[in-house]
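Subject: Handing over the structure

Hello,

The structure is below, and it is yours from here. My notes follow it.

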Amino acid sequence: SAAAPPALLSQTCIPQDPVLAGHLPGVLRIHHISDLHHGGYLRSTVDSKDETKAGRRIAALAGAGTPLDSYLGHIRQLASQGLAPHLVIVSGDVVNRPDEQFGEQALGWLTQLRSLLAAHPDLTAQDPRIVLVGGNHDVSWELCLEPQQEARHRWFAETFAGYPHPDLQLADRQARRLFLRYPSAGLRLALLGSAESGGEVSRDEDRELLDACRAEFAEAADQARVRELIHRFERLDPGVVARDVLDRLTQEPGYVTVAVLHHPLSPVPAVEVAPYTGIVNAGQAKRALVAARTSLVLHGHTHLGFLAAERLLGQAPGWTMRIAGAATLASAASDEQNGYNEIFLAREGAGHRILVRPVRLDGGQWQPQSGVAFKPGAPDECALTDLVEDPS
């Protein structure tokens, strides 16, 4: 991977001196995608009103498909320009609900994506290139009354066993994977399972009714019948990170720490007032993440793009933590355009620069937006404009 272009170097405040730039390690390119919802109601990349066979053929010629298809095409284009991502982080809702068919679709899509990722000298052949955390839609709601809370996460763990994830299927929280390290790149990912209590039945009387319906669940002939039974009950999908996991967050000198979860850590500006949208123990989580000198927190769930910076006064003086929410990559259930976040990690000696910018699907093209660049923990930022790495 070549060093970043001069315009990118200048935007990250890295000197443009050609000798120094030539000795810099290549910038690590990361895509943060979220809320794929394989098997769900996805947007079409071509809005065709003609539902006849002829109309569908014409729409296909115009590039009809879903944003999931379009994103793979986008990565192919980036790859042809030498700009494909090196790593991809998925922050939940990989499928619309646990279902064998949806799981197979997601696995096939992830396999295609993995084949398109770029190599990087700081990444070994053994380093995972796609990392997942589960969302509330990845939880087996019909198992929420099992005595073992982890039962509801077994489908996701078994289906996506080939990809690192927070191991919510394990009852022993000390045995769960938390950190994923890329030593040569100086990058540490903290995988936080915020959907651990997903699918909770909201009323005690419903829990009794659901328990009485176990036989119906067991005898349901198809997934449509299972969904019908599930929707009889009011459910909660609270975002919560277990205290046992938060207590394991520690500092590790030499690494930039990026945390990944599904639910937002801070309120996202939106017109909707929805309960349990965010992390219910966000105060605990923020304290633990700041104490661990987390530079960036990635999330999804709201289907809205979000960039923020937070500093806890009186704790870790001077440390500013950034938060980036990704728009839904493919779902039609959003008032925003589909999209994802690009993250650039640039090393300069023992230090790093981080760049975050949203990318939106606009008129069939994936268009980079303005973003922010910062040193880990530093309060100052510089806006990213006029980047030359425009794949359009």
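Buried here means under 20% relative accessible area, exposed over 50%, and partly exposed in between (1.4 Å probe, protein chains only). Strands (E, at least two residues) and helices (H or I, at least four) are DSSP runs numbered from the N terminus. This is a predicted model: local features need pLDDT of at least 70, side-chain atom pairs count only at pLDDT 80 or more, and totals for chains, interfaces and linings use all residues. Residues are numbered from 1 along each chain as its sequence is written, and side-chain values use heavy atoms, with hydrogens and water left out.

Strand 1 first. It is mostly covered, with 6 of its 6 residues buried. Leu28, Ile30 and His32 lie on one side. Arg29, His31 and Ile33 lie on the other.

Strand 1 pairs (at least two DSSP bridges) with two strands named here. With strand 12 (residues 339-348) the sense is antiparallel, over 5 bridges. Isoleucine 30 stands opposite isoleucine 343 there. With strand 2 (residues 87-91) the sense is parallel, over 4 bridges. Histidine 31 faces valine 88 in that strand.

Next, aspartate 35. This residue sits in the loop between strand 1 (28-33) and helix 3 (53-61). Aspartate 35 has contacts (heavy atoms within 4.5 Å) beyond its neighbours within four places in sequence, including His262, His301 and His303.

Last, helix 11 (residues 282-291). Its buried residues include Ala285, Leu289 and Val290. Just after helix 11, arginine 293 takes a positive phi of about 55°.

Best wishes
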